[in-house]
Every structure is written in C-alpha cells, then in structure tokens.
Amino acid sequence: MILPNMQLSESEYNLLTKYHSEVTERSFGSEAIVTQNGMYAEKIFRATFGKFRITPEKIEQIRENKFHKVVDLFKMGDTFPNQVKPLHTYSYQGKFVGYRTGWSASPLMEKIKVSLDRDFCIIVLKKIREKLSEFHQLGIIYGDIKDNNIFVAIDSGEVVIDFGDLDNMKVGDYAIDAFNKFSAEFVKDYGKVDEKLDSYMCNLLTLEYLNNCKWWYDDVVRNLEIGRLPGELNMPNNRNKSKVLIREMVQVTPQYSGDYFIDLIDY
C-alpha cells in the first residue's frame, strides 16, 4: 500500500495555511494549522513545527519522523482501530508538509458541554481506555490525551471514540515528537515513553471530567496535590486504591503503576 501524496503549488499551500470563512480552523499551538471541511481535515505544519532556536537538521528529523508515522498508520489499513485515518500526504517544494484525514463527529469537549451527563462521561472515558489498549497492541502510544484530540460519535446507540493528531503518536520505532507540558513533565521524571504515559494522561482526563475542573489539567493537578477525589473514586471499595494512585501520580516516580482510575469504576 502506497500512501497517495498531493504536491501543492504555492497558492494551494497558502490556501491551506490561512483562515477561510467556509472552514473551521483549529490552531494546534504553534505546530500546525488544522482545517476541517466537511468530512475531511487537513493538518499543515508550520515551517519550524513550532520549535524555537532549532537547527535545519532537527527540522528535517521531525519532518521525517512525522512522515513515517503517517505512512505506517496508513499501511495498517483496517487493523488501525480508528476511523480517523491518513488519506494522503501533502508536500510543498518537494517536502512533506502535512496530511489529510477523515473527520469524526464532534470533539469530546463539545459533546460533554452539550451532554452534561455524568454517566455519559464515564462511558466515554471507558471507551477511551479500550481504544488505548487496542493501540498498545499495535505498538502505538498516544500520550497527548486531551479533549480536543478526541472525537465522539453515537452510532446505532453505541458510543464511538476516535483520536486525532495522528502524527504526535509513538508508532512502532518512531517516537512522539511533541509533548504538552503535562506529558513532558511525566517523561522527564519517569524517563521514557511507554504505555504508562497514556494511563497518566487518561487519568488526568478522567479527573478533569469527574471533578468538573474548569481550567483543564492545571486545575486537575491542583486537585491531585490536595488528594481531592470525585465521588465514584471516594467510595469505600475504591478509596484506598485511588489514594495510592494519586500518590504515585503526584510523585511521578518510576514506581508509577500505570493503573487507570476509570478501571475502578463499575459501570
């Protein structure tokens, strides 16, 4: 299987990196511009991938790393358990500059705001946990788990979860090349990227929604530090396990078990 490529002209490249009223633009920090148009999305990288004081050699390393991950995910075909899949790459002046994927329903943050249903939150979190396990079986570590990277749909009454931002996964031998500040702190202290990073980030997401945090993971970390637990995790049968897991996360040591808060909730 060969991943198709679209060579962009200067005008086409400029079109994909600018805001247009007919599409929805989502800026991925300083790394890239993501535009959604109908059932598709394009992610076009900025010239330096959002890095500062970076050498041309390092830029090319990042470019190669992202390209190989997108290609490998494409080659997995239907074995890649995600409806958001690479459809083709974009190149400009002979270099890989981005890729197109399908677009899946609404980001989690939008679905949760509309739903405001705690049971629905728990179902979604359990589905995310299942998806991460499927990824791990394929040698994929996600590591940038946050609500605007996760898409939720209801298909025949079943909750369906998909992940976006595909190039920031660890795929086989190709490393994660972008970390948010929370995953970066974990990797700095823990020393490597493995499946425990996914559990750590998923635990932050679980506490964000079950504790109704207002300021994303900054608020979650403050709650962790004081040991605040949502009701489901503070039940007598869960309290001790939850407190141990909180202590492991606050200390972020190599002894971190990698357990998931959502596994403690019986729904």
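The dialogue below goes through strands, cores, aromatic rings and backbone angles in one predicted model.

Biologist: How is a strand pairing read, and which strands pair with S4?

Modeller: Strands of a sheet pair through backbone hydrogen bonds, either parallel or antiparallel. Here two strands pair if DSSP finds at least two bridges between them. Helices (H or I, at least four residues) and strands (E, at least two) are DSSP runs, numbered from the N terminus. Strand S3 (residues 32–37) pairs with S4 in the antiparallel sense over six bridges, and Gln 36 has Ala 41 of S4 as its bridge partner. The hairpin of S3 and S4 has two residues between the strands, and in it Gly 38 takes a positive phi near 65°. S4 also pairs with S6 in the antiparallel sense, over five bridges; there the partner of Ile 44 in S6 is Gly 98.

Biologist: Is strand S4 largely enclosed or left open by the rest of the structure?

Modeller: Buried means under 20% relative accessible area, exposed over 50%, and partly exposed in between (1.4 Å probe, protein chains only). Five of the six residues of S4 (residues 40–45) are buried, so the strand is largely enclosed by the rest of the structure.

Biologist: Which strands form the open sheet, and which stand at its edges?

Modeller: Three strands form it, in the order S7-S9-S10, with antiparallel pairing. Strand S7 (106–107) and S10 are at the edges with a single partner strand each, so one side of each has no neighbour in the sheet. S7 is joined to strand S9 (residues 150–155) by two bridges, and Pro 107 has Phe 151 of S9 as its bridge partner. Helix H4 (residues 118–137) packs on the sheet, touching S9 and S10, and its direction makes about 50° with that of S10. Axes are lines fitted to C-alpha atoms, for helices over the stretch in contact, and angles run from 0 to 180 degrees between N-to-C directions. Contact means heavy atoms within 4.5 Å.

Biologist: What is a nonpolar core, and which residues touch the most other members in the largest one?

Modeller: In soluble globular proteins, nonpolar side chains tend to be buried together. A core is a set of buried Ala, Val, Leu, Ile, Met, Phe, Trp, Tyr and Cys residues joined through side-chain atoms within 4.5 Å. The largest has 65 residues, and Ile 128, Ile 145, Phe 163, Met 169, Leu 204 and Leu 205 touch the most other members. Helix H6 (residues 195–210) gives the largest share of this core, nine residues. Leaving aside neighbours within four places in sequence, the contacts of Met 169 include Leu 73, Phe 80, Phe 135, Phe 163 and Ile 176. A second, separate core of seven residues includes Leu 8, Tyr 13, Ile 44 and Tyr 92.

Biologist: How is an aromatic pair read, and how many does the structure hold?

Modeller: A pair of aromatic rings is described by the distance of the centres and the angle of the planes. Rings of Phe, Tyr and Trp (its six-membered ring) pair if their centres lie within 6.5 Å; planes under 30 degrees apart count as stacked, over 60 as edge-to-face and the rest as tilted. The structure holds 14 such pairs. Phe 186 and Tyr 256 are edge-to-face, at 5.6 Å centre to centre and 80° between the planes. Phe 186 lies in helix H5 (residues 181–190) and Tyr 256 in the segment after helix H8 (236–251), so the pair ties together parts that are 70 residues apart in sequence. Phe 186 is buried at 1% relative accessible area, and Tyr 256 is buried at 0%.

Biologist: Where do the backbone angles call for a second look?

Modeller: Most residues other than glycine have a negative phi, and most peptide bonds are trans. Gln 93 has a positive phi, near 55°, and is found in the loop between strand S5 (86–92) and strand S6 (95–102). Asp 165 has a positive phi of about 55°, in the loop between strand S10 (158–163) and strand S11 (170–171). Gln 93 is exposed at 64% relative accessibility, whereas Asp 165 is buried at 8%.

Notes:
Residues numbered from 1 in each chain as written. Heavy atoms only, no water.
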